[in-house]
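Here is a short briefing to read alongside the coordinates.

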Amino acid sequence: MLAGLYLAYGVVMVWLHPQFIYPFGPDRFDAPGWTQSVVTDRNVAMAIAEGDDQAAVLFFMGNGGALAYFAYTLNAHVSAGRTIAAMEYPGGGGISGKPSETRLKADALAAYDWLETRHDGPIIVHGYSMGTGLAQHVAAQRDVAAIILDAPYVKMCELMTRRSLLPACFLPGVQKWNSATTIPQLQAPVLVQHGTADQLIPMASGERLTRLMQAAGLQVTFHAVEGATHNNLAGQPGYQARIDAFLDTVLK
């Protein structure tokens, strides 16, 4: 009986798991200085703030799914004068559509290609939480000058396993989000910032990803942000300064 109940629980969780991965919020992004665009070939919604710096940042948010929740991160680039383009996710922030790992990764590549057509300088990819997987996916297949990862994971399915007590990485139908597979294709320098008090994606995940990247020969800078949780990492003192110092070194 217990085995049957566990099997039924597994079937239900496989069916429901996208709702846990993509708990997107409804709040629309409407900030001064930003314009909205749509990448027509895939109908990808983009928000962009033009800067006067040579570099542009392509930003992928976490699974809050609404750019309105990532003001600290966006403002870190805007205040530094960088052009920043942020992809909005279907199903959140008033954007229509249904999210999935396959769709978001294809949309992320389309977002890069769109930004490249309108920006002549170097492009940096910056991901937060779930968005770190998209940043790495793009960096593995496109030419980027630098990679910034906030609170990254190695495999999202491992985090699902920890919470559900199911072998999520081995279950058919589960969206795995395995960032480790991109590492052999990465070439750009990497900055990782992770909060020591992050309970959603423990800092051990960021440390493990860093070790895997370093073993592959990548140049990785890791910062443990003391006392930062998953949701307040970007609001901690020194967040923007670490990004600025990293990019100054990479782009000079």
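Strands β6 (residues 146–150) and β7 (residues 190–195) run parallel and are joined by four bridges. Within that pairing, Leu 149 has Val 192 of β7 as its bridge partner. This is a predicted model, in which local features need pLDDT of at least 70, side-chain atom pairs count only at pLDDT 80 or more, and totals for chains, interfaces and linings use all residues. Residues are numbered from 1 along each chain as its sequence is written, and side-chain values use heavy atoms, with hydrogens and water left out.

**The sheet**
- Eight strands form an open sheet with mixed pairing, in the order β1-β2-β4-β3-β5-β6-β7-β8.
- Strands (E, at least two residues) and helices (H or I, at least four) are DSSP runs numbered from the N terminus, and two strands pair if DSSP finds at least two bridges between them.
- β1 (35–39) and β8 (220–225) are the edge strands, each with a single partner, so one side of each has no neighbour in the sheet.

**Around Thr 182**
- Thr 182 sits in the loop between α5 (156–164) and β7.
- Not counting residues up to four places away in sequence, Thr 182 touches Gln 136, His 137 and Ala 140, where contact means heavy atoms within 4.5 Å.

**Around Asn 75**
- Asn 75 belongs to helix α2 (residues 71–78).
- The C-alpha atoms of Asn 75 and Tyr 128 are separated by 14 Å, and the two residues are 53 residues apart along the chain.
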